[in-house]
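Please read each point with the model in view.

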Amino acid sequence: MTSSVANGGTEVTRLWTGDYYNEGNSSKESIFDKVREECGVFGVFGHPDAANLSYYGLHALQHRGEESCGICTSEDGAFHYHRGMGLVKEVFDRDRLDSLKGSQAIGHVRYSTSGSSQLGNAQPLVFKYRGGDLAVCTNGNLVNEPIIRKELEESGSIFQTTSDTEVIAHLIARSSKELVEAVKDAFLRLIGGFAFLIQTKDCLIAACDPHGLRPMVMGRLGEAYIFASESCALETIGAEFVRDVQPGELLVLDRGGLREERFAPMQRRAMCSMEYIYFARPDSDIYGANLHSARKRMGQILAQESFVDADIVTGVPDSSISAAIGYAEQTGIPYELGLIKNKYTGRTFIQPSQELREKGVKMKLSAVRKVVEGKRVVMIDDSIVRGTTSLRIVNMLREAGALEVHVRITSPPFMNPCYYGIDTPNPGDLIASSKSVEEIRRAINADSLYFLTEKGLRDAVGIYSNEYNNGLCMACFNNDYPTPVRFEDAKLTSCSCD
């Protein structure tokens, strides 16, 4: 592998920025300016092949975090665990999986949001305390973590990681109550969006925050119970979907079976709308809504709200394909594969120059000239963050001969940062926070631009029509955060993995 960076007369190529795939992908200099995935969790209780099931489950959740992963199993009162930097298939081989004995397991895939690409923050985090071994993994972010951490440090706690997931372990360890009650008390201290899996030698606990900001589902595989961030992971291992874990719910699995309890009443339901727009796989279901179907409806409603006469419709792969199909079906304009994604290039590249940076974009995405040449193109995408990606793609289509490029976005303008587990830029870097739609249109060189309305988004997702915002969190669009947010603290991180 070679690059233009000379090293003592030798040219060295590196298609990623560190020693392992996707190290440091939180950099603002990455090729695309999409908001980043949160993380993914997977749990098994009561299956002799727990480690292998976790491997395949995490592989299905790989899109939620590509920087590190880990699995912790429990066998006869002993923990076996392994964590590493990189993709699931890179971190685990047959020998490694064979060493992870036991009938219960929790696993994690992680995306780092603030650059803390280090093995110490890879999950599950494993601790020893008075009650024995404890393993914890989570998807989400604790808004009040800095306050709790400072309080714990001042009272003598010593933290081993920069991950705010460690806070929950300290809160549990300091409690004089038995495990389940200690966990409940600890969760009551937390503000934010989270889906936790906690494991001891003979117990597994699953819980979601009282607003349901982060998804988690429960399934069955024979007599075993399975937990996952998305239902697609259940399908991968052949498990049957049972139900979503509800906001404020705490599920306990031990030798006595399943206990359904609560640590808090459900607050205003506020599932992250970006799960439906962008993050979750199209074959997943969240709160009864299939992601592919919801995205198709986004495209259909977008067409009703913003029809434009054109020759073809194309979607920016992969998350916008479903919406582009919906837009095309609604308008009768043919859907075409005008943009092709190369899935084998990795997520991040070294860009020693702007010229190489632009080539990096074309390595990741390319326009099909014979499809778009001489055509008026409707380009469907899921969001505009900084605007740099949209500008590159529009220009790419024009360079391929498109006569017109009309951009349609399946979300409202992304104007506010997320404090619940999505990595977003500083507010000043969000193009919609400072520019009007017309100014954004000019900035991305589009012939026209339209964003899906908030009502259109709510109608497309179609869950909980009798609840506030149809049960969605839309704070990144309208600044209406479902929990109290201390911005001076919360802005330090967007993900509890850091």
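Is Cys 418 buried or exposed? The points below begin with that residue; the model is a predicted one.

1. Cys 418 has a relative accessible area of 10%. Because buried means under 20% relative accessible area, Cys 418 counts as buried.

2. Cys 418, accordingly, is in no disulfide: the nearest cysteine sulfur belongs to Cys 272 and is 5.9 Å away. A disulfide requires two cysteine sulfur atoms within 2.5 Å.

3. Cys 72 is also buried, with 0% relative accessibility. The closest cysteine sulfur to that of Cys 72 is in Cys 137, and the 9.1 Å between them is too far for a bond.

4. The largest cavity is lined by 13 residues, of which Cys 272, Cys 418, Tyr 420, Cys 473 and Cys 476 are the closest to its centre. Sorted by class, this lining comprises eleven nonpolar residues, one polar and one charged.

5. The largest nonpolar core holds 49 residues, and Met 274 and Tyr 276 touch the most other members. Among the elements that give two or more residues to this core are strand 16 (271-272), helix 8 (273-279), strand 25 (472-473) and helix 16 (475-478).

6. Another core, of 31 residues, lies apart from the largest one. Its members include Leu 134, Ile 168, Leu 171 and Val 180.

Conventions: Residues are numbered from 1 along each chain as its sequence is written. This is a predicted model: local features need pLDDT of at least 70, side-chain atom pairs count only at pLDDT 80 or more; totals for chains, interfaces and linings use all residues. Side-chain values use heavy atoms; hydrogens and water are left out. Buried means under 20% relative accessible area, exposed over 50%, partly exposed in between (1.4 Å probe, protein chains only). On a 1 Å grid over the protein atoms alone, a cavity is a set of points where a 1.4 Å probe fits but cannot get out, and a pocket is an open set with protein on both sides within 12 Å along at least five of seven lines; lining residues have an atom within 4 Å of a point. Ala, Val, Leu, Ile, Met, Phe, Trp, Tyr, Cys and Pro count as nonpolar, Asp, Glu, Lys and Arg as charged, and the others, Gly among them, as polar. A nonpolar core is a set of buried Ala, Val, Leu, Ile, Met, Phe, Trp, Tyr and Cys residues joined through side-chain atoms within 4.5 Å. Helices (H or I, at least four residues) and strands (E, at least two) are DSSP runs, numbered from the N terminus.
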